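Please look over the sequence and the structure shown below before reading on.

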Amino acid sequence: MRKHIINLILLTAFLSVASCIHNDLPYPRLPQNILAIAAAGQSAPARIDSTDFTVKIFLNEETDIQAVRFTEFRYSPNAVCDKDLLEGTWDLSSPMTVELKLYQSYQWMISAEQNIDYYFTVAGQIGETVIDAVGHRIIVDIPENADLKKLEVTSVKLGPKDITQLVPAIMKGSIVDLTSPMKIDATAWGRTEDWTIYAQRVKQIVSTTAVDPWSMVVWAYGSGPADAANYFEYKEDGASIWSRVPDDDIKSQNGAFSCCIKHLKPLTRYTVRACSGDSKGNEIDVTTQATEVLPDADFENWWKNGRIWCPWSEGALQWPEGSRFWDTGNTGAATLGESNVKPSDYVPVGLTGQSAELRTEFKGIAGIGKLAAGSIFTGNYKKTDGTNGILDFGRPWTLRPTKLRGYYHYTNGDINYSNKEMEYLKGRPDTCSIYIAMTDWTAPYEIRTNPNNRQLFDRNASYVIGYGQLERGTSMDAYEEFEIELEYRSTSIMPSYIMITCASSKYGDYFTGSTSSVLFIDQLSLDYDY
């Protein structure tokens with residue numbers, strides 16, 4: 001009996017102590033990410049941002065945004081999702097949330113962007129039609145002497161192509177009366193929008209609406225009669241004679257017209273005006289921007305930090321305080337081997353010095369490792385995440401170049417390494433990639449190659465103002481000079497960063513390429529004229 005009493009006392013004491021023990025170890029924080037998503041009727045691949053936990057779906061105009069059907073939805077393994085997006089249809093007319101949960105909950109926001117092209121024009125109108133797609137209002141400017149009762153419609157589209165019905169049924173060639181606002185019902189997907197069309201008389205038949213000065217070109221915009229000979233004139237400050245822009249350089253769309261005035265001087269004041277026949281529009285004075293040389297783009301300055309070749313002089317500081325404008329993926333590649341981007345004495349005929357040699361190589365031991373494409377870019381290699389890279393893309397730049405020039409020599413092979421996503425590319429010729437982008441980032445853009453939180457550069461993203469690229473999938477016998485012209489989505493938005501990337505394998509971010517691929521790059525430069 002005494003023994004049982006002692007055991008009972010000891011058990012009670014143990015339980016008392018055990019009850020005071022708490023598991024203070026926190027659950028691991030493992031962000032749960034959307035890895036892939038797609039929808040029927042997409043106009044472009046979805047943009048996944050695992051930093052902000054957002055997804056943007058881009059829909060073509062024929063897709064009902066209130067009944068979107070997803071065709072692919074993958075997320076982090078072991079996570080639990082509160083919605084099965086592959087079942088039924090979803091209303092993306094406003095953003096919706098999706099919860100992914102593993103230990104903690106992560107709220108993702110999915111939104112859709114759908115650009116529907118609206119237009120309405122009449123014969124003889126002045127300038128471009130003003131279309132308020134949100135308020136469903138249309139305004140056309142008409143000359144004072146025009147008959148508002150008999151205006152001929154030259155184009156009309158007030159909803160998705162081929163599926164929008166208008167009441168009254170107007171079309172190209174219809175005669176409309178705009179002496180008072182005209183009401184039109186536009187119906188698509190069983191939903192009706194009420195539009196109102198207004199006509200307003202104008203005295204000035206031609207006007208200069210905007211002038212955007214770059215470094216050695218100026219973009220000019222004007223409005224005038226749709227059926228007249230519209231053009232632009234310009235002169236340098238202090239000059240008495242106006243120069244006319246060649247007709248071949250003028251683009252017209254109904255009453256709106258524009259041009260690029262070329263071969264101008266940097267940091268120079270010019271006056272520009274739109275004209276129509278003998279009528280002269282208002283004059284706008286602008287001053288062109290400066291030009292700037294692309295730093296260290298001859299790739300003459302290198303130093304070796306252990307196994308890592310760096311495309312800058314030893315001791316150089318980060319740009320803009322120092323000359324470290326470029327960086328490579330060598331820091332990641334050197335974790336399992338030697339640098340695969342390094343200086344080379346092989347340069348174009350007639351030149352001396354060094355070039356950048358970019359090689360695609362398998363980095364690992366006994367077949368265990370990853371493919372590393374040689375790459376050099378404007379920015380900074382931040383750190384290595386396991387065997388994946390984290391980079392800061394871009395360097396501050398507020399000028400608008402028109403072209404990227406340089407020399408390259410590429411030798412390729414058939415793709416013999418890939419990740420699971422790109423296995424279908426095996427056996428196909430590898431491709432090198434050179435591209436330039438002007439963006440409006442407020443800070444360098446973080447690139448992550450880890451599939452669990454991947455974030456790559458998206459040429460179609462809204463942050464891209466101007467873009468140009470060169471890709472090649474065949475071998476070359478020698479260096480060739482290249483020229484990449486940038487296409488800008490806006491001539492008025494000022495860029496804040498420049499992004500240039502050269503890679504020996506286009507799909508290097510997906511660890512896919514050929515170990516036979518080698519790309520030499522030399523003498524990169526920027527043009528500011530056309």
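## Strand pairing around β6

Two strands are said to pair if DSSP finds at least two bridges between them. In this predicted model, strand β5 (residues 80-81) runs antiparallel to strand β6 (residues 96-102), and two bridges join them. Within this pairing, Cys 81 has Leu 100 of β6 standing opposite.

Strand β6 also pairs with strand β7 (residues 104-114), again in the antiparallel sense, this time over seven bridges, and here Glu 99 stands opposite Gln 107 of β7. Together β6 and β7 make a hairpin with one residue between them, and Tyr 103, in the turn, has a positive phi of about 75 degrees.

## An open sheet of five strands

Elsewhere, an open sheet with mixed pairing is formed by five strands, which follow one another in the order β9-β10-β15-β14-β12. Because β9 (126-132) and β12 (165-167) stand at the edges and each have a single partner strand, one side of each is left without a neighbour in the sheet. On average, and with direction ignored, neighbouring strands of this sheet are turned by 25 degrees against each other.

Inside the order given above, strand β10 (residues 137-143) pairs with strand β15 (residues 191-202) in the parallel sense, over seven bridges. Val 140 is found opposite Ala 199, a residue of β15.

## Two nonpolar cores

The largest nonpolar core has 39 residues, of which Leu 294, Leu 404 and Leu 524 touch the most other members. Several strands each supply at least two residues of this core, among them β28 (355-359), β34 (403-411), β37 (464-472) and β41 (518-527). Leu 404, leaving aside its neighbours within four places in sequence, is in contact with residues including Leu 294, Ile 434, Ile 436, Phe 482, Ile 500 and Leu 524, and also with Glu 483 and Ser 525.

## Asn 33 in its loop

Where does Asn 33 lie? Its place is the loop between α1 (2-18) and β1 (34-39). Asn 33 has a relative accessible area of 3%, and since buried means under 20%, Asn 33 is therefore counted as buried.

Not counting residues up to four places away in sequence, Asn 33 touches Ser 50, Phe 53, Tyr 75, Ser 76, Leu 100, Trp 108, Asn 452 and Asn 453.

How values were computed. Residues are numbered from 1 along each chain as its sequence is written. This is a predicted model: local features need pLDDT of at least 70, side-chain atom pairs count only at pLDDT 80 or more; totals for chains, interfaces and linings use all residues. Side-chain values use heavy atoms; hydrogens and water are left out. Helices (H or I, at least four residues) and strands (E, at least two) are DSSP runs, numbered from the N terminus. Buried means under 20% relative accessible area, exposed over 50%, partly exposed in between (1.4 Å probe, protein chains only). Contact means heavy atoms within 4.5 Å. Axes are lines fitted to C-alpha atoms, for helices over the stretch in contact, and angles run from 0 to 180 degrees between N-to-C directions. A nonpolar core is a set of buried Ala, Val, Leu, Ile, Met, Phe, Trp, Tyr and Cys residues joined through side-chain atoms within 4.5 Å.
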